[in-house]
Amino acid sequence: MASDPEDTNTESTVRQSTILMSVTQVNQSDADVVFKSSDGVLFSLHKKNLDLNTGGFPSADFKDNNEVIELTEESDVLELLFQFVYPRQPPILSYLPFETVNALAQAAEKYVVYPAIGVCRAYMLYLASRYKPANAKEIVKYAAEHSYMEILDEAVVYIASEPLESSVSFFPPALQLPWALYRDQWIRIFDDAKFRLADHWNCCYRRNACEMSKHGSSHAATERLELADLMDMNFDDSLFCRNCNCEIIREWKKSIEGQAYGLRVPDPDSNNIIKYNPYFTMVSDSDESSTKWSEMFHKSDADVTFKSSDGVLFALHKIKLDLNTGGFPTVDFKSEYDEVIDLPETSAVLDLLFQFIYPQPPPGLSNVSFETINALALVAEKYIVYSAMGACRQHMLYRAKCGPDNITNIVKYAADNGYIDIIDEAAVYLASEELEDSISLFPSALQGPWESMDEDLP
């Protein structure tokens with residue numbers, strides 16, 4: 001593993017990165033490539049780390065003649081971005097302003113910084129799931145540009161009321177027609193819902209059923225109904241008069257939900273979801289031997305082999321483990337010829353985990369079962385697979401926002417690793433548990449704060 005950072009000459013007339021200098025291997029004397037931000041801050045890095053973790057920076061063989069490479073991003077974005085190319089905990093995005101997170105996400109895609117891509121994607125999914133996110137347009141643009149359909153499914157509800165002429169520009173050409181069709185379906189549902197709502201109020205008015213209807217509340221109620229509320233199935237009870245039978249309200253909601261069920265922005269690439277990655281040699285299950293090898297991890301030049309609990313072999317490269325993790329054998333580790341290292345995790349979990357240590361787009365987690373996500377999050381912490389730790393943390397934050405399902409497992413994971421942002425998000429759902437049950441999820445250092453927080457929750 002690389003050594004601790006060394007002191008940097010502070011007398012330079014050009015400012016050097018100071019945040020990264022104190023927490024990672026940046027600005028060491030043995031750095032071999034220098035970048036300059038748009039606001040004049042220098043970053044001294046190692047080509048080896050860039051080569052193994054990115055696809056958009058100079059490779060290890062690149063000769064720059066000691067030139068400084070100028071980048072268009074500001075130093076606060078690069079400070080975050082470059083932390084992802086070194087073996088360390090990725091930065092926490094929850095406490096950053098959206099503008100910085102968005103700039104980081106775009107820079108990660110631009111320079112193909114794989115660990116940052118996964119973390120930013122998961123965090124954007126979390127932001128999209130929040131009710132009426134303030135930055136819905138930017139989130140949609142980001143997701144549409146990079147075909148992150150799970151983020152679009154969460155976020156487009158908040159831009160459907162935008163005029164088609166302006167909203168269609170958020171999407172690349174391949175998604176513009178699907179978006180127009182999807183939006184048109186929602187507009188029809190919305191118009192029908194407003195008609196039914198107005199009819200409900202007019203009926204009450206004719207019957208003189210309640211005082212509210214005497215004051216023209218039909219118009220007021222339909223005006224208060226927003227398309228985003230409709231698409232999010234988030235209804236204000238004041239949309240209906242107080243004296244109405246609740247069954248009428250339930251039927252109205254049921255009608256909308258029936259029409260809207262399953263509506264998604266069509267994925268133009270849905271028949272080609274799994275894309276071939278030339279970095280790996282794919283091996284068929286019908287290999288001549290009876291040994292089961294991972295289809296993705298079986299390179300002939302691999303120098304370390306792991307075996308899952310269900311008997312699948314994974315052939316990997318020590319240098320990738322050395323530079324991207326803190327819990328696996330280092331590059332100097334000497335194993336006996338053909339020795340296989342047994343791991344207690346299943347092949348499904350290891351297959352996801354090992355994708356995070358190679359320079360390739362990280363796996364999407366939104367369609368993975370919670371049981372597998374939870375196992376992946378725990379094993380990422382166990383073996384200190386930094387990019388997997390960051391992606392799982394942000395995805396668990398999203399899961400905590402989605403509701404009470406699996407909330408005890410989510411809180412246990414967050415509490416064990418000190419992820420306070422996840423605990424804050426999950427607290428409202430955990431408050432329904434008895435205190436003696438919920439407090440057992442926390443380590444001793446957090447039990448007092450949780451007890452105080454639990455008392456303050458409704």
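User: Let's start with the inside. Which residues have the most contacts inside the largest nonpolar core?

Analyst: The general idea is that nonpolar side chains tend to be buried together in soluble globular proteins. In this predicted model, the largest nonpolar core has 110 residues, and Leu-81, Phe-171, Leu-353 and Phe-354 are those with the most contacts inside it. Helix α5, residues 114–129, gives the most to this core, with 10 residues.

User: Which residues does Leu-81 touch, leaving aside those up to four places away in sequence?

Analyst: With those set aside, Leu-81 touches Phe-57, Leu-104, Ala-107, Ala-108, Tyr-111, Val-113 and Ala-116.

User: Now for helix packing. At what angle do the axes of α3 and α4 cross?

Analyst: Two packed helices are described by the angle between their axes and the distance between the axes. Here the axes of α3 and α4 (residues 98–110) cross at roughly 60° and come within 9 Å. The two helices are therefore oblique to each other, and their crossing is right-handed. On the α3 side, the contact is made by Asp-76, Val-77, Leu-80 and Leu-81; α4 brings Thr-100, Ala-103, Leu-104, Ala-107 and Ala-108. Sorted by class, this contact has 7 nonpolar, 1 polar and 1 charged residues.

User: I'd like to check the backbone too. What is the phi of Ile-384, and where is its place?

Analyst: Phi of Ile-384 is near 55°, a positive value in a residue other than glycine. Its place is in the loop between α15 (370–382) and α16 (386–402).

User: How do I read the exposure of Ile-384: what is its relative accessibility?

Analyst: Ile-384 counts as partly exposed because its relative accessibility is 28%, and that class runs between the cut-offs of 20% and 50%.

User: And where does Asn-406 lie, and what is its phi?

Analyst: Asn-406 is in the loop between α16 and α17 (407–417). Although Asn-406 is not a glycine, it has a positive phi of about 60°. With a relative accessible area of 31%, Asn-406 is partly exposed.

Notes
Residues numbered from 1 in each chain as written. Predicted model: local features only at pLDDT ≥ 70, side-chain atom pairs only at ≥ 80, totals over all residues. Heavy atoms only, no water. Core = buried A, V, L, I, M, F, W, Y, C linked by side-chain atoms within 4.5 Å. Buried < 20%, exposed > 50% of the residue type's maximum accessible area, 1.4 Å probe, protein only. Helix = DSSP H or I, 4+ residues; strand = E, 2+ residues; numbered from the N terminus. Contact = heavy atoms within 4.5 Å. Axes fitted to C-alpha atoms, helices over the stretch in contact; angles between N-to-C directions. Parallel < 35°, antiparallel > 145°, perpendicular 65-115°, else oblique. Left-handed = near helix turned anticlockwise from the far one by under 90°. Nonpolar A, V, L, I, M, F, W, Y, C, P; charged D, E, K, R; others polar.
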